Amino acid sequence: MNATYKTKAYSAASATSPLAFTAIPRREPTPHDVRIEILFCGICHSDVHQVRNEWSGVMPTVYPIVPGHEIVGRVAKVGPAVTKYKPGDLAAVGCMVDSDGACPQCRAGQEQFCPNMILTFNSPDKHLGGVTYGGYSNSIVVDERFVLRVPSSLKLAGAAPLLCAGITTYSPMRHGGVTQGKKVGVVGLGGLGHMAVKFAHAFGAHVVVFTTSPAKQEDALRLGADEVVISRDANQMQKHAGSFDFILDAVSAEHDLNAYLQLLGCDGTLTLVGAPAKPLPISAFGLITRRRSLSGSCIGGIAETQEMLDFCGQHNITADVEVIPIQKVNEAYERLLKSDVKYRFSIDMASLKSQ
Ligand code: NAP
Ligand code: ZN
């Protein structure tokens, strides 16, 4: 069994309990491990889905759960075989902390599709038993293969969300050929959606935001959208029928996908990154009439995550964040459920250190 130390964290004891202060064990770094003192951790809607066991059919939550997979911090200690990091370096961790490294997906740099991929929280912990614990804590220990470099020019509170919201939107848009001359839709202006707008704009596309929140219109334009559609207004939707090359759907709750399929042109693609708990019905006609595609995407590989971070460094892209102390995390969850976030909560982990 590995030697361990204790670190402060916030955990939930059940699907109906609030997150509360606790202490958790972390392994002492093994030869290839990096120990990171966490400075900021973003709050992803996936944290809420999993704390409340909303994905029980796909990945049931094991309690207690310590969520958090948008982690930036400083390296505090490294194992003797670590070559890429040294104490004092800025470092980041996203949604994954391990994979088998040998399967075709890993060899292709797509660790997110490895059958033995280990998520940052609520995945089997092969070192300590039980499940992995995420970034709502003061420190984390991760194999250096899954540690990323943060460009030093970026503000750290806004860089943390790049580790999930950033890569989850960057990857499908790169894969989907979002470039200059393309008409691209982004559905849902939340944490993922607002990053999608920034990237699509940076890639040179014509960007249209679909929102249920009229109050977000001005922000959408400021973030880089060329047009905004209030998705509950059928007339506004109809004006864009059959016109999109690519639409990224980042909605966390049940909604009508058929309304977006009919906005795609011939061979257009609707890619889902949002992960509502319940299945969403699809009309075959929305797909067959113009050879449209419906697809999904899951975060991105480690090399692509580094590419995205470097792109953000070059273009000075970070998330728009509301920085909160960890003591406000339960309130932040309630606000996420009301689509009331501009546009990502980022937890200042100094607040946990002093608790
Ligand atoms: P978020 O910040 O809460 O944003 C979700 C947005 O969806 C809201 O701001 C809102 O935008 C819209 N929305 C919410 N309820 C809606 C409803 N009933 N009908 C229509 N629109 C609604 O969430 P997030 O952190 O960006 O995450 C979004 C989803 O992506 C979650 O399901 C999350 O689990 C998933 N996710 C997937 C991956 C992946 O790898 N595929 C990675 C991370 C997260 P408007 O106010 O603009 O309408
Ligand atoms: Zn996430």
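This short talk looks at a zinc site and two buried residues, Arg27 and Thr305.

Some ground rules. This is a predicted model, where local features need pLDDT of at least 70, side-chain atom pairs count only at pLDDT 80 or more, and totals for chains, interfaces and linings use all residues. Residues are numbered from 1 along each chain as written, chains are lettered from A and ligands numbered from 1 in written order, and side-chain values use heavy atoms, without hydrogens or water.

Zinc first. Which protein donors hold ligand 2? They are Cys44 (SG), His69 (NE2) and Cys164 (SG), at 2.0 to 2.2 Å. Donors are N, O and S atoms within 2.8 Å of the metal (3.2 Å for Na, K and Ca); water is not among the atoms, so sites may look incomplete. The spacing reads C-x24-H-x94-C. Cys44 sits in the loop between strand 3 (33-43) and helix 1 (45-51), and His69 in the loop between helix 1 and strand 4 (71-78), so the pair ties together parts 25 residues apart in sequence. Helices (H or I, at least four residues) and strands (E, at least two) are DSSP runs, numbered from the N terminus. Cys44 and His69 are both buried, meaning under 20% relative accessible area (1.4 Å probe, protein chains only).

Next, Arg27, in strand 2 (residues 20-27). Its relative accessibility is 11%, so Arg27 counts as buried. Its side chain makes a polar contact with the Asp33 side chain at 2.7 Å. That term means N or O atoms within 3.5 Å; within protein, one must be able to donate a hydrogen and the other to accept it, and residues adjacent in sequence count only if both atoms are side-chain atoms.

Last, Thr305, in helix 10 (residues 302-315). At 4% relative accessibility, Thr305 is buried too.

Technical notes: Buried < 20%, exposed > 50% of the residue type's maximum accessible area, 1.4 Å probe, protein only.
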